[in-house]
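Please look over the structure shown here and read its description slowly, with the chain in view.

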Amino acid sequence: MLPGESTTWSGLVRVTNDVIVPSGHVLTIVPGTWVLFAGVASGTNGADLQVNGEIRSQGMLEAPVVMTCASAGLRWGQIRHAGAQPSVYDHTIITLGGRARGEGHTGQDPVVRSSNSRLTFNGCSITDQATPAGTPGKIMQASGSD
């Protein structure tokens, strides 16, 4: 869990375990930051970003924020907003996630999961890849969210 009222990530950030942004906390990610999540080859225990507070991902066209897996061939978990404060992702590339619990009508693991939250994506790219078995991944799942 991130301590205090605010945290700023910049440069190269390695996430090796789940990170919780608690209610009332603001996580700011500055332009050009690379967030590298620990990945897994299978299963549902990739590193997650659990957001109960707020994220301000402040990428720019010439310096996007990149959130991806630290290891080629692996995938990290997901970004999960649950009853979170409004969050904004500007020029953010989110890729190679989906090693989380399967949900929804497809039973696949969403890279971004929002419940009862408001998310804004400006100039973003949220991508996924097929599993080794060829099953398509899921980009996002939302309920009770804007």
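The paragraphs below go from the strands to the core, then to the aromatic pairs and the cysteines.

This is a predicted model, in which local features need pLDDT of at least 70 and side-chain atom pairs count only at pLDDT 80 or more, while totals for chains, interfaces and linings use all residues. Residues are numbered from 1 along each chain as its sequence is written, and side-chain values use heavy atoms, with hydrogens and water left out.

Strands (E, at least two residues) are DSSP runs numbered from the N terminus, and two of them pair if DSSP finds at least two bridges between them. An open sheet of five strands runs in the order E2-E5-E8-E11-E14, with parallel pairing. Its edges are strand E2 (12–15) and strand E14 (125–126), each of which pairs on one side only. Strand E11 (residues 92–94) pairs with E14 in the parallel sense over two bridges, and the bridge partner of Ile-94 in E14 is Ile-126.

Another set of pairings involves strand E10. Strand E7 (residues 54–58) and E10 pair in the parallel sense over three bridges, with Gln-58 opposite Asp-90 in E10. E10 also pairs with E13, again in the parallel sense, over four bridges, and here Ser-87 stands opposite Leu-119 in E13. In a regular strand the side chains alternate between the two faces of the sheet. E10 has a covered face made of Ser-87 and Tyr-89, and an uncovered face made of Val-88 and Asp-90.

The next topic is the nonpolar core, a set of buried Ala, Val, Leu, Ile, Met, Phe, Trp, Tyr and Cys residues joined through side-chain atoms within 4.5 Å; buried means under 20% relative accessible area, exposed over 50%, and partly exposed in between (1.4 Å probe, protein chains only). The largest nonpolar core has 25 residues, of which Trp-9, Leu-49 and Met-67 touch the most other members. At least two residues of this core come from each of E2, strand E3 (19–21), strand E4 (26–29), E5, strand E6 (49–51), E8 and strand E12 (110–115), and E8 gives the most, with three residues. Leu-49 has contacts (heavy atoms within 4.5 Å) that include Trp-9, Val-19, Phe-37 and Ile-79, not counting residues up to four places away in sequence.

Which rings pair with one another? A search of the whole structure finds two aromatic pairs, where rings of Phe, Tyr and Trp (its six-membered ring) pair if their centres lie within 6.5 Å, and planes under 30 degrees apart count as stacked, over 60 as edge-to-face and the rest as tilted. The rings of Phe-37 and Trp-76 have their centres 4.0 Å apart and their planes at 10°, so this pair is stacked. Because Phe-37 lies in strand E5 (residues 34–37) and Trp-76 in the loop between strand E8 (65–69) and strand E9 (79–82), the pair ties together parts that are 39 residues apart in sequence. Phe-37 is buried at 0% relative accessibility, and Trp-76 is likewise buried, with a relative accessible area of 0%.

Tyr-89 and Phe-121 form a stacked pair as well, 5.0 Å centre to centre and with 15° between the planes. This pair links strand E10 (residues 87–90), which holds Tyr-89, to strand E13 (residues 119–122), which holds Phe-121, 32 residues apart. Tyr-89 is buried, with a relative accessible area of 1%, whereas Phe-121 is partly exposed at 26%.

The cysteines come last. With a disulfide taken as a pair of cysteine sulfur atoms within 2.5 Å, the count comes to zero disulfides. Cys-69 is buried at 7% relative accessibility, while Cys-124 is partly exposed at 26%.
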